[in-house]
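Subject: Structure handover

Hi,

Here is the structure I promised you. Please open it alongside this note; what I found follows below.

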Amino acid sequence: MQSMTKIAVTPGQPALVGLVGNTPLLRVSEPLSPAGRGFWAKLEGFNPGGIKDRPGLHMVDRARARGELRPGGRIIESTSGTLGLGLALAGMVYDHPVTLVTDPGLELSMTRLLTAYGAEVNVVSEPHPTGGWQQARRERVQRLLERHPDSWCPDQYNNPDNVAAYTPLALELASGLGHIDVLVCSVGTGGHSAGVSRVLRQLYPELTVVGVDTPGSTIFGQPARSRLMRGLGSSIYPRNVAYDNFSEVHWVAPAEAVWTCRQLAASHYATGGWSVGAVALVAGWFARTMPADARIAAIFPDGPQRYLGTVYDDDYCAAHGLLVTPPATEPEVIGRVDEKEVSRWTRCATVVDPLTLRGTPGNMPEDVVGEESDAPKESR
């Protein structure tokens, strides 16, 4: 089934759109699950820039159709990297200049790659006194929008087009697997977990949807802390997160994700970043504990390129205490998302919007700011 959303492209490089989507599925089994059991991984790293090529193209296409983004108008967004690749692609396809606001934590390799793709990388030099790097980036975006009258910001955390962009991905999974019992997704902006689960729940009403987060992220009601992992987690409450769609949430710590990434690489020639390791750990547990005929799908958002100096670097991992014993075979279990502050692989089968938990321990004010990581520069 060809399930890519039809996009009307006239300027720029229309052939590039055909490179996005219809990514392969890989069966993952030993050593993450016993022989004869396993899960299916959707390898979104086979898109030119990763999973966020999908919303990058779709958000720009829809903004153009509504007249919010005028021909030749500048696209300006805050990013920690992956969406930046998708927006650079969209800028090339639709002939728009692109400015990406980031901070010193962005890997040098990503800065070079975004620049090579024609994007202007604008780096804030100092964190906001109370809002950290993300608030500094947001303020820079606002100033740039005011400087360029025809410019437009996608606002990925709250833009419903970010969610809608993943309908083709859901249809690809349904076409490739026929039936799905469990869907495992990492959660950052909330876009792909919401978009994919919305479609698959219509096809498979009994679907179990599992969100994967990291300690120190506020998305599911934990307190905000500095985080080493990039690509999942947040220090704000993105309104694209579809809390009602989740059956449960798992938090996975950095060392657990690193161990799983390296096991995947050594056994399946499959590599990716923090999100890939975290998702694979949880999907492997479901493969071990569910009936052997259960069909489990996991979304791997990206490939290894930006993580060669972190996840796959022995010196970096040793310096951050990430080369430790393998994860526990079972997650710790808590009954409420705010029951305790988690620090290792932990599971909770009750998911609520944390903004409904006002006044409970461990929750932050609604105006807290941040994005994928608030770790200090040397830890990012």
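Asp314 is partly exposed, because its relative accessible area is 46% and partly exposed covers the range between under 20% (buried) and over 50% (exposed). Asp314 is found in helix 10. Setting aside neighbours within four places in sequence, Asp314 is in contact with Arg262 and Leu323. Keep in mind throughout that this is a predicted model.

Now the overall picture. The chain has 10 helices and 11 strands. Its radius of gyration is 20 Å; a compact globule of 380 residues would have one near 21 Å, so the two agree. Along the principal axes, the C-alpha trace spans about 55 × 50 × 40 Å. Of the 380 residues, 58% are buried. Take the contacts with a separation of 6 or more: 71% of them join residues 24 or more positions apart.

The largest nonpolar core has 38 residues. Which of them touch the most other members? They are Phe39, Val184, Trp274 and Phe300. Several elements give two or more residues to this core, including strand 2 (39-43), strand 6 (182-186), strand 7 (208-213) and helix 8 (254-268). Strand 9 (296-300) and helix 10 (314-319) are also among them. Helix 9 gives the largest share, 11 residues.

Phe300 deserves a click. Not counting residues up to four places away in sequence, Phe300 touches Phe39, Ala41, Lys42, Leu43, Glu44 and Gly45, among others. Its contacts also include Leu264, Val276, Val279 and Ala280.

Another core, of 32 residues, lies apart from the largest one. Leu169, Cys185, Val196 and Cys348 are among its residues.

Last, helix 6. This helix covers residues 167-177. Which of its residues are buried? Pro168, Leu169, Ala170, Glu172, Leu173, Ala174 and Leu177 are. Just after helix 6 comes Gly178, with a positive phi of about 80 degrees.

Best wishes

Key. Residues are numbered from 1 along each chain as its sequence is written. This is a predicted model: local features need pLDDT of at least 70, side-chain atom pairs count only at pLDDT 80 or more; totals for chains, interfaces and linings use all residues. Side-chain values use heavy atoms; hydrogens and water are left out. Helices (H or I, at least four residues) and strands (E, at least two) are DSSP runs, numbered from the N terminus. The radius of gyration is taken over C-alpha atoms; the globule rule is 2.2 Å times the number of residues to the power 0.38. Buried means under 20% relative accessible area, exposed over 50%, partly exposed in between (1.4 Å probe, protein chains only). Contact means heavy atoms within 4.5 Å. A nonpolar core is a set of buried Ala, Val, Leu, Ile, Met, Phe, Trp, Tyr and Cys residues joined through side-chain atoms within 4.5 Å.
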